[in-house]
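Take a look at the sequence and the model below. Then read on for a short tour of its parts.

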Amino acid sequence: MNALNKMLGGRQGVVGLLILATLILVVFPLTLDAFRLNMVGKYLTYAFVAVGLVLCWGYGGILSLGQGVFFGLGGYCMAMFLKLEASDPESTKIQSTPGIPDFMDWNQITELPWLWVPFHSFTFTVMAVIVLPVLLALIIGVALFRRRVGDVYFSIVTQAIALILTVLIIGQQGLTGGINGITDLKTLLGWDIRSDSARLLLYFINAGLLFGCILFGKFILNSKLGRLLMAMRDKEERVRFSGYDVAAFKVFVYCVAACFSAIGGAMFALQVGFMSPSFVGIVPSIEMVIFAAVGGRMSLLGAVYGSLLVNYGKTYFSESFPELWLYLMGGLFIAVVMYFPNGLAGLWESHGRKWLSGVTRKPATVIASPAPGITPTPALADKKAASPLEIQP
Amino acid sequence: MDSRLTGPTRFFPRRLALGTAALSLIAASVFSQMTLADDANTTGLAVTPTEVTVGQLHSATGTMAISETGSIQAERLAIDQINASGGILGRQIKIVQEDGASDWPTFAEKARKLLVNDKVATVFGCWTSASRKAVLPVFEKENGLLYYPTFYEGLEQSKNVIYTGQEATQQILASLDWIAKTKGAKTFYLIGSDYIWPRTSMKIARKHIENVLHGTVVGEDYYPLGNTQFGSLINKVKLKKPDVVFAAVVGGSNVAFYKQLKAAGVDSTKQTLLTLSVTEDELLGIGGENMKGFYASMKYFQSLDNPNNKAFVEAFKAKYGKDSVMGDVTQAAYLGPWLWKAAVEKAGSFDVDKVVAASPGIELKTAPEGYVKIHENHHLWSKTRIGEVQADGQFKVVYESELIEPNPFPKGYQ
Amino acid sequence: MEWLSEFGAIAAMQGFNGLSVFCVLLLMALGLAIIFGQMGVINMAHGEFLTIGAYTTYMLSTLVQTWCPWMQPYYFFFAIALSFVVAGAIGWVVEWVMISRLYHRPLDTLLATWGLSLVMQQAFRSIFGAREVSANPPEWLMGAVNLTDAIEIPRNGLFVMGLTVLMTGGIFLMLYRTRWGLHVRATVQNRIMSRAVGINTRKVDRMTFALGCGVAGVAGAAFTTIGSTGPTAGSLYIVDTFLVVVFGGAASLFGTIASAFAIAQTQSLSEFFMSGSMAKVLTLSIVILILLMRPQGLFASKVRK
């Protein structure tokens, strides 16, 4: 019990987790209509990526600007399965080759490409959603970290990979649906995913998986690995000279982040009903970094709030003040990076926690061991974060 | 019981009270009869006795905003004109505008919002194929109605969509025939941006060139969207010396492509070029002098000389400024509300199924492009024109086809 | 025989095309390389500084057309100079307000400048409209020079080439022949020691950043002759530019030149034999593969972090 408690980040961590869980599992489903809830579900799929980024960027110091690649891979795997199911010979009988996805037919493909064949199997698809992105992350990670490539290099290389994948997907439209993506996904194993009830269920599955990822992240951060990651980020050389294989840890945490992103992508395809290259490229990849930065790069829970808030803001402002939106988004990004490097979680840490401990009548524990929910790093604990804003979840 | 309601009866003689009651009953029943007869308020759509709500779904922000602004303006103009002339079935049109933000899931989301939450009677919207593909399942599931204005690749036909732009064969075949005949063209070089519309268009063009015109395609190239380096391509064109360069390059690439062509000395005196993707809107960015003498194939040009078009251009400029230009898509977007009005009035109802059933055969003799008619397959019968680019950024119409039947699933071209 | 000479002509033009792509890449990458090499900062808003240059040229072109058309043949030189000044000045302000507060956090600079690029893009959109605009380059820049009957060289390509040589040469001179250059090089090698011997490294940084942005502005002005000018025009070039800098290895101007050359020739050559999309994928993949094997770039500095 004690171990579990510690894993969740002590009393504070449990409270934080419970608040978020209440918000996502109770408050949203009760207060939002089916349409808005589905949108929240979509935002939460981005939260997977943001949570992964907290691990590899906030703690590991690896800023990947190509997380969209993994999000996309996961999403495309799932979308391929769903598309095959939607393209049974009966519903595609007007095509010149019935039984293959419609866009292949438009591209004069008369036979299902070998790449698609295994995606008839749901088991294979689920495995591919996880394995393919992790494999790619492994290759990239090993190649780059083994050679001790610098931070900025890594960011640029991952960004270029995002670009390559986008160009490739768009160019191979017979295989991928091109820029339109894979659309018109209808059923999952015969279950209509477009109905409101299905969307509700998917929302909860999505939320459940997200909490699974958060807990897994907490588990990693509270293990010895978590402390090593932070040590590496702050003084990589020292860790290396202490005899640790720094590269292996980096590769590991990068793969975990990739895996989270891919799950998010797969859930995205299921909830939104299509997948397109516009979620793979450079811009979405950087936007996902914003979510993590706004929520707080050191906070797994903060990443979820960040994703929800920024996306809600995006929807709201782009509806009401489309002109202002980019100013706001850009300004937010600059402000967060410059003045609140720990994001919402940092603000909560410096203000909200006092309030919370007043409520729970428990003195806030001074953080000696990492309480990953909302720990500022020594390097980034920014005194400037003193703002009258009080963030309450 | 509220005394304010029951109150007056106390002061009225009983008979009068009864009479009033009877009268009001009759009035009520007549009134309800009237609304029932006159309307399909029972459809569950946002229709009141004085107002009907429609949706408008375009990108007002993001990369596509450049292209879609014209459509937004044209649709608004048409709706304003309809409202000024008394509306539809006695109702004024109210617009709910949503921004797709150049992002396909947002389009799907907003389409759902318009249909489910706002219960709009119809939607005018979308520009790119990708956005249309994204919203199509939503329209089919919620049984909405979409008027889609862009010329596009075809290979689609939905009960829930009326396509007011040309599909690929309408735009391509007649113009290829014309250029083969007047220029004696035998060899063609096909160039496009790399996505579905150029690729499908080029596929159709290739089949037509090889099977019908008995010419040859000497090269076919696709460049990523946004590419700005066309040097190698221009050299390849110089090497192959095709009779005609057939181009469907879009967006920012367009400007780079034509500027570099001109810089490389490839102008209309040395090379015939026919494009599918340059309207007056694009010419603003490219600059007429950079493309002078090249040809574009469209169903509409701003310079068309007919009374309908004169009125349209005048109204558009009066509303949006004298410097505004109207391209093919802008005109097609303008047709949407008018076609919908005609169909609703023919059906006598706003009900989507009835409007869809009434649509085939609807004619519009007031269209700026002249005359259009909705085909059974929900596309429009329309003419194709070839315009020659002038230095001032306008086109001179050099050819006009007969009315062409839309054929989104062309046999022998797939 | 005729076929052979024609082939030779095309090969020559294709070679020239490769060179011209090389110059475009180099011109873009120069500014970024100076900033990156000097400060370790990746300026994600680099593309927007390029766009500033392009819009400056556009405005001047419009002004000239309206007020003094006789200037038309010469205005372009003023436009280039003005672009340099405007972009450099804005860069100077940005360094002062933003970058200087983010030292020791290179990754954060990357993110903050990306935010800046969003704001700038929207600002362009608000000011100039979302539509692409076209600066009118002077007549003498358009068209081609006929070297022989078959070999035609685009003039704007020649112009960009000349400009690139001039800029590169200028920067080399500034870095290796001026006192400022000495300071810059000293700061790159050892910031703390430089400060100790009395170099005002903050001032050096600010000047370097402004210079880098100014060079981007010049590139933007030059690109109005070959490409489009719109709010997002700069972002089209940005990834290529990053790759050039990273591929060349930081802190090495020579590396940047070599890498721009290699990437441009690969791109240009592969474009000739395959579709443009696939050429792009091929080029980028080769670069990434080499980077995976040699992550510090072609010409890495010997200093290990």
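## About the model

This is a predicted model: local features need pLDDT of at least 70, side-chain atom pairs count only at pLDDT 80 or more, and totals for chains, interfaces and linings use all residues. Residues are numbered from 1 along each chain as its sequence is written, while chains are lettered from A and ligands numbered from 1 in the order in which they are written.

## Chain C against chain A

Here 33 residues of chain C are in contact with 35 residues of chain A. Two residues are in contact if their C-beta atoms, placed from the backbone, lie within 7 Å. On the chain C side, at least two residues each come from α4 (106-128), α9 (233-248) and α11 (276-293). Helices (H or I, at least four residues) and strands (E, at least two) are DSSP runs, numbered from the N terminus. The largest share of this side, 14 residues, belongs to α4(C).

By class, the side of chain C that touches chain A has 23 nonpolar, 6 polar and 4 charged residues. Ala, Val, Leu, Ile, Met, Phe, Trp, Tyr, Cys and Pro count as nonpolar, Asp, Glu, Lys and Arg as charged, and the others, Gly among them, as polar.

## Chain A against chain B

This contact takes 25 residues from chain A and 28 residues from chain B. On the chain A side, α3 (34-59), α7 (151-171), α14 (300-320) and α15 (322-339) each supply at least two residues. The largest share, 3 residues, comes from α7(A). The side of chain A that touches chain B divides into 10 nonpolar, 12 polar and 3 charged residues.

## Two domains in chain B

Chain B is divided into domain 1 (51-166 + 305-378) and domain 2 (169-298 + 387-404). Such bounds come from an automatic or database domain assignment. The C-alpha centres of the two domains lie 28 Å apart. Across the boundary, 14 residues of domain 1 are in contact with 12 residues of domain 2. On the domain 1 side, α3 (65-84) and α13 (328-347) of chain B each supply at least two residues.

## Strand β10 of chain B

Which way do the residues of β10(B) point? B:Tyr295 and B:Ser297 point one way from this strand (residues 295-298), and B:Ala296 and B:Met298 the other way. All are buried, meaning 20 or more other C-beta atoms, placed from the backbone, lie within 10 Å of a residue's own.

Strands pair if DSSP finds at least two bridges between them. Strand β9 (residues 272-275) of chain B is joined to β10(B) by 2 bridges, and they run parallel. B:Leu274 has B:Tyr295 as its bridge partner in β10(B).

Technical notes:
A residue is buried if 20 or more other C-beta atoms lie within 10 Å of its own, exposed if 12 or fewer, and partly exposed in between; C-beta atoms are placed from the backbone.
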